[in-house]
Amino acid sequence: MSFHLQLAARPCSPASEDSSLTWGSRHRHPICVNSTKLCSVAAISSPLKLASIPTKLSSNSSSSSFRCFAALSPELKSTLDKVVTSEKVILFMKGTKDFPQCGFSHTVVQILKTLNVPFETINILENESLRQGLKEYSSWPTFPQLYIDGEFFGGCDITLEAYKSGELQEVLEKAMCS
């Protein structure tokens, strides 16, 4: 089973004078920004669906720029709860298990492959809202993020140390038998 998250932007509705269409450096699609929300639609395919991910924005009173301050919407939290419990082992990473796009993600993938454990990956580079929301969801600021049996296990350093000590093998064995 694989998960694929996509971000598709749509214009804010109704249009207002304080709305602007922006091509952000991290966005492949135009994002409409106004003083109350970032209008975007994210879809997660097979088996879960995620409808709208509104992201609250805050304006800096000394300028007209906006910044994101609440990445984890109730809808995203609910979806993440379902995703992390849908498989025994889920890795949120940069890239895919077949094509990791960061050395830390590559390291965790290699550890899991070495242990011959079945696992699913989700590419956080495909969705900035997911990427930011996961940081809040796990209270962990970096990627990759490994979830075992629905619980956050750790990032690359923790996973590597647990692998070296044998703790990771024990946790995975317990999860596979539950």
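This is a predicted model: local features need pLDDT of at least 70, side-chain atom pairs count only at pLDDT 80 or more; totals for chains, interfaces and linings use all residues.
Numbering runs from 1 along each chain as its sequence is written, and side-chain values use heavy atoms, with hydrogens and water left out.

**Helix H3**

- Glu-128 belongs to helix H3; helices (H or I, at least four residues) and strands (E, at least two) are DSSP runs, numbered from the N terminus.
- With a relative accessibility of 15%, Glu-128 counts as buried (buried means under 20% relative accessible area, exposed over 50%, partly exposed in between, with a 1.4 Å probe and protein chains only).
- H3 spans residues 128-138 and is mostly covered, with 8 of its 11 residues buried.
- Among those buried residues are Leu-130, Arg-131, Leu-134 and Tyr-137.
- At the start of H3, Asn-127 brings a side-chain oxygen to within 2.9 Å of the backbone nitrogen of Ser-129.
- Just after the helix, Ser-139 adopts a positive phi of about 60°.

**The sheet and the helices across it**

- An open sheet is built from 4 strands in the order S8-S7-S9-S10, with mixed pairing (two strands pair if DSSP finds at least two bridges between them).
- Strand S8 (120-123) and S10 stand at the edges with a single partner strand each, so one side of each has no neighbour in the sheet.
- From one strand to the next, the twist averages 25°; axes are lines fitted to C-alpha atoms, for helices over the stretch in contact, and angles run from 0 to 180 degrees between N-to-C directions.
- S9 and S10 pair in the antiparallel sense over 3 bridges, and Leu-146 stands opposite Gly-154 in S10.
- Helix H1 (residues 74-86) lies across S7, S8 and S9 and runs at about 125° to S7 (contact means heavy atoms within 4.5 Å).
- H3 lies across S7, S8, S9 and S10, and runs at about 60° to S9.

**Aromatic pairs**

- The structure holds 4 aromatic pairs; rings of Phe, Tyr and Trp (its six-membered ring) pair if their centres lie within 6.5 Å, and planes under 30 degrees apart count as stacked, over 60 as edge-to-face and the rest as tilted.
- Phe-92 and Tyr-147 form an edge-to-face pair, because their ring centres are 5.6 Å apart and their planes stand at 80°.
- This pair links distant parts of the chain, with Phe-92 in strand S7 (residues 89-93) and Tyr-147 in strand S9 (residues 145-148), 55 residues apart.
- Phe-92 is buried at a relative accessible area of 1%, and Tyr-147 is buried at 2% relative accessibility.
- Trp-140 and Phe-152 have ring centres 5.5 Å apart and planes at 50°, so this pair is tilted.
- Here too the pair links distant parts of the chain: Trp-140 is in the loop between H3 and S9, and Phe-152 is in strand S10 (residues 151-154), 12 residues apart.
- Trp-140 is partly exposed, at a relative accessible area of 27%, and Phe-152 is partly exposed at 24% relative accessibility.
- Ring pairs link Phe-92, Tyr-137, Trp-140, Tyr-147 and Phe-152 into a cluster.

Note on methods. A polar contact is a pair of N or O atoms within 3.5 Å; within protein, one must be able to donate a hydrogen and the other to accept it, and residues adjacent in sequence count only if both atoms are side-chain atoms.
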